[in-house]
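Subject: Structure handover

Hello,

Here is the structure we talked about. Please open it alongside this message; my notes follow below.

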Amino acid sequence: MMMAPVMFTKPAAGVEKSFARAKGVEGDGHLAAFLKFRREIPFEVMNDADGCPLVERKIWHPAGFAGKLDCAAKVAGHPAILDWKTGVHEEHHSLQCAGYALGLWGDEIPEDLRLYGLYLKADGTYRLKRHGEKAADYG
């Protein structure tokens, strides 16, 4: 079942705790990297039609794929899928983000959607990698 169109909201309180709990990184350099990202790259977590933040959300698509979306947010004025990683970039990460977008919006993917991998390092640094131009490129 695809999600209803979403609305934007202010940054969700507790997104850091959700991140730490989901990634099992509370108190280490990966969490420091995430907090550094939060300070340097402002983003607004998106809500579903019921007002619930789109953070750590199970996503399913009728084509038969599913996964857990880390975050749907507005980044630099554009709707975005943010996929948090504690490892290195792999080619399939862009397809994973595209799958989340398809599962979330179906045929109503925003034209200006951005797909990002947020690569968090144990030394407290991060790299934000944009995947492709829009989710439709991968759909």
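In helix H2, the buried residues are Gly-29, His-30, Leu-31, Ala-33, Phe-34, Phe-37 and Arg-38. Please keep in mind that this is a predicted model.

H2 covers residues 29-40, twelve in number, and spans 16 Å from its first C-alpha to its last, close to the 16 Å expected at 1.5 Å a residue. The N-terminal end of H2 is capped by Asp-28, with a side-chain oxygen 2.9 Å from the backbone nitrogen of His-30.

The other part to look at is strand E6, residues 114-120. Seven of its seven residues are buried. Arg-114, Tyr-116, Leu-118 and Leu-120 point one way from the strand, while Leu-115, Gly-117 and Tyr-119 point the other way. In a regular strand the side chains alternate between the two faces of the sheet.

E6 pairs with two strands, as follows.

- Strand E5 (residues 78-85) pairs with E6 in the parallel sense over six bridges. Lys-85 is opposite Tyr-119 of E6. Between E5 and E6 the chain passes through helix H3 (residues 92-105), and this β-α-β crossover is right-handed.
- Strand E7 (residues 126-131) pairs with E6 in the antiparallel sense, also over six bridges. Leu-118 has Leu-128 in E7 as its bridge partner. E6 and E7 form a hairpin with five residues between the strands, and Gly-124 in the turn has a positive phi of about 90°.

Regards

Conventions
Residues numbered from 1 in each chain as written. Predicted model: local features only at pLDDT ≥ 70, side-chain atom pairs only at ≥ 80, totals over all residues. Heavy atoms only, no water. Helix = DSSP H or I, 4+ residues; strand = E, 2+ residues; numbered from the N terminus. Expected span 1.5 Å × (residues − 1). Buried < 20%, exposed > 50% of the residue type's maximum accessible area, 1.4 Å probe, protein only. Polar contact = N/O pair within 3.5 Å; in protein donor to acceptor, adjacent residues only side chain to side chain. Pairing = 2+ DSSP bridges. Right-handed = clockwise from strand over helix to strand, strands pointing away.
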